[in-house]
Amino acid sequence: MRTVSDLPNDVREDEYIRIPISDGVHLAARVWRPVDSEDRPVPAVLEFIPYRRRDLTAQRDSVQHPYMAGHGYACVRVDLRGSGDSEGVLTDEYLERELLDAEEVLAWLAEQPWCDGRTGMMGISWGGFNALQVAARRPPSLRAIVTASSTDDRYSDDVHYMGGCLLGDNLSWASTMFAYNSCPPDPELVGGKWRKMWHERLENSGLWLDTWLRHQHRDEYWKHGSVAEHLDAVEVPVMAVSGWADGYSNSVFRLLSGLRSPCLGLLGPWSHKYPHLGQPGPAIGFLQELVRWWDHWLKGVDNGVMDAPAMRAWMQESVTPSTAYEERPGRWVGVRRWPSPDLIEVSRAMGSGRVLGEGESPQPEAVSTLTSPLSTGQHAGKWCSYNAPPDLPYDQREDDGGSMVFDSRPLPERVEILGSVTVDLELSVDRPVAMVAVRLCDVTPKGEATRVTYGLLNLTHAQGHEAPERLEPGRRYRVSVPLNGVAQAFPAGHRMRIAVSTSYWPLAWPPPEPVTLEVYPGEHTRVRLPVLPAEAGDGCVEPFGEPEGTAPVPTTQVAPGEQRWDLSHDLVRYKASLNVVKDLGTVSFDDIGLEVTRRAEEDYSWVGNDYDSVRGETVWNMGFAREDWSVSTTTRTVLTSTATDFHLHATIDAYEGERRVATKIYTSVIPRDCV
C-alpha cells in the first residue's frame, strides 16, 4: 500500500469526544476533519462498531479515516455503548438501542458547526450491518452508505446459521464477543470510573451464544435487523462490497436485485477485509473509490461514479488447492445490471455412475447411497475466511472420500460462471433430522480438487426456515440447495465436480444422528450453472488504482505471536481434532503507551463416528497494560451436544495484575429443535 501524506486538506484529529445520548449515556468518538471545517463545514461519515477505536482498530482507522478527512470529510469512529471507552453495557448484536444510538449520533453530527448537515455511514462486518439497518430507518441527515462484508438476512446468511444448519463459526464468533465484552475502558481517558464501567460489563454483557442457540429457526429475533424483510425502506444510495473468500458475498447480489435506490456492487477475491487491505490479493485503491462515492452523493459532484457497471466482480482463474493465497489470478468483469441478461443457465444432470452429464436424462434406477463419516469437512476451512491463520479450504479429495461425487467429463472448452449455482436433489433419508452439504469443485487433470463454492441445507428446512418439519424416513423429497455466489473460470481439460455429504463438521454442527442418504437420478437431480458467455463482462470495467492510505499509528511488537491450524487423528482411540491458534502476541501502541495482548485458541474434536462426542471449545486471553496499570481476562466456552440437547458451559475470569477480581460461570442445556 502506498502511504499518502500530501492531501487536499490539512487534517486535525480529536482523539476523545463524548457524544451525549438521550438516556444519559455518553459514547466515545474519535474525529478526523479538515482544519478549516468550522469555517467551511463538510459532510460527516460515521463508522459505528464495538471493536475499540483507541487500540484494536486504531491502525486500520488511522489508514482510512484521515485519508478521507484529507479529501474534505469529517470522519467519525464511535465505539458502541459498552465497548471501548463508551459508557453502558453491550448485550447483543444490532439491538434496538444500538440503532437508536446510531440515529442520535447522526443527528448530533449534523448539528456540529464543522458539519454541513449531510451524513453517510460506512463499515465492514458489524459496521456494514448497522449502516444498512440504519439506512432502512431513514434518518433525515443520512444521504448514502457503504456496506462491506454484511448481510440483509441475519438468519439465512450470517455467522450463526446457513441453510438452517448451525455453523461452527457461531461458537467462534460468540466467543470473540465474549472476550471483547470483557475488556475495560482506558483509565487515561475515562478516569477513576474505569473500574466501575469494567465490572458492569463483566457482570451484565451476558453469554450471547446462549441466546443464539435458543433461536434455532428464522423467528422475530432474526428478522429484527434483517433488511430483507423491508428492503424497499432503504432509499439512500448503497455501495455493497464483499469478497469470494468472505462469508457475505450473497447479500451483494440480493441488494443489487432488490434495492430501488441506486446501488453499486463490488466483489473481489478477498477474505473478510476492506478491499484496500484485501487478502488474497489483488487489493485495490478502495479509498479512492470511497472518496468518489462520497463526493457524488454527499457533495453533489458529477464525477461519473454511477457510470460504472452495476456490479464489478473478480473472475477467478483456476488455482491448485491451498489454505492461503497471496494473489488470486483473474480479471475484473462487469455487468450493467443484476440479474444480468447476459447470463445463461446451463443444466447438467447428476446421473447414474455418478456422472455430471450435459443435459441428458440418466437412468432412474441407479440410486446413489451414502453415510458420511464425521470427519467429512475437516478440510473445509472457516465459514468466513479472515486469512489469519490460513483458513481457506484445502484439497477436497479427502472430504470427497466421505461424499457422493458426480464428475463431468473433461471440459472441451473454457467455462466461466458468475452468480449462485443451484443443486436440485431428489432424495430420501433414514432419520427425521438430516442435512446435506453440497460442494462445487474444480478438478485438475492431475486430480487436485479446489472448492469453488458450497451450500448447506438442513433438510427439515426445505420448505422454509420459520417452521421446519421433521422428515419421514424413506419418503422421497425434492429439494434445492443454493451455493454461495462466486465468479470462477474452469479451463478446458478440467472437470467440474459436485460432492454431496451428510456431514460437514466442524464448519457446521452435525445432525443429531448419523444419516443414510439416497439420491435418485432423474430430471429432478441436477446442477444449474449461471454461465457467463465468453467476454460478456469485459471492456466495461475501468482499472482500479493502487491501494493507498495515510500512515498507520506507530506500533511495536513486544512479544511474538503464533498462527496455527492443526489436524490430528489418534488411530488407537479414534479421537480427532482441529486446533486453531490465532495469537497476536503483545503489541505496544506507542503513541498512547499501551500494550495489548490477544490470544485465541479453538479446538473442535470428535471420536470416530460418535455424534455425541462432538465438542467445540474456545479460550481467549486479553490483556492491557500501561506502566503500573495491568488488567487481563480469560474467557472459555465449551459446546457439546446429544441427540436431544445442546450443552453449554462458559467461564470468565478477570484480573488486575495477578489478582483475580471477578469470575462468572454460565451453564445451560438447550433443547435441539430440528437442528
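Trainee: In this predicted model, which residue in S24 does valine 405 stand opposite?

Mentor: The model is a predicted one. Strand S17 covers residues 404-408, and four bridges join S17 to strand S24, residues 495-501, with the two running antiparallel. Within S24, the residue opposite valine 405 is alanine 499.

Trainee: What is the order of the strands in the open sheet of five strands?

Mentor: The pairing in this sheet is mixed. S15 and S17 pair in the parallel sense over two bridges, whereas S17 and S24 run antiparallel. Strands of a sheet pair through backbone hydrogen bonds, either parallel or antiparallel. The order is S15-S17-S24-S20-S21.

Trainee: Which strands stand at the edges, each with a single partner strand?

Mentor: In the order S15-S17-S24-S20-S21, the sheet is open. Each edge strand has a single partner, so one side of it is left without a neighbour in the sheet. The edge strands are S15 (355-356) and S21 (449-458).

Trainee: Which residue is the bridge partner of leucine 356 in S17?

Mentor: S15 spans residues 355-356 and pairs with S17 in the parallel sense over two bridges. The partner of leucine 356 in S17 is serine 408.

Trainee: What is the bridge partner of valine 438 in S21?

Mentor: Strand S20, residues 435-443, pairs with S21 in the antiparallel sense. Nine bridges join S20 and S21. The partner of valine 438 in S21 is glycine 455.

Trainee: How many residues of strand S17 are buried?

Mentor: Buried means under 20% relative accessible area. In a regular strand the side chains alternate between the two faces of the sheet. On one side of S17, Met404, Phe406 and Ser408 are buried, and on the other Val405 and Asp407 are buried, so that both faces are covered. S17 is therefore largely enclosed by the rest of the structure, the number of buried residues being five of the five.

Trainee: How far apart are the end C-alpha atoms of helix H4?

Mentor: Helix H4, residues 168-180, has 13 of its 13 residues buried, so it is largely enclosed by the rest of the structure. At 1.5 Å a residue, its 13 residues should span 18 Å. The separation of the end C-alpha atoms agrees with this, at 19 Å.

Trainee: Which residues are closest to the centre of the second largest pocket?

Mentor: The second largest pocket has a volume of about 580 Å³. Of the 27 residues that line it, the closest to its centre are Asn250, Arg254, Ser420, Pro482 and Leu483.

Methods
Residues numbered from 1 in each chain as written. Predicted model: local features only at pLDDT ≥ 70, side-chain atom pairs only at ≥ 80, totals over all residues. Heavy atoms only, no water. Pairing = 2+ DSSP bridges. Buried < 20%, exposed > 50% of the residue type's maximum accessible area, 1.4 Å probe, protein only. 1 Å grid on protein atoms, 1.4 Å probe; cavity = no way out; pocket = protein on both sides within 12 Å on 5 of 7 lines; lining within 4 Å. Points joined across faces, edges and corners; volume = space filled by probe spheres on them. Expected span 1.5 Å × (residues − 1).
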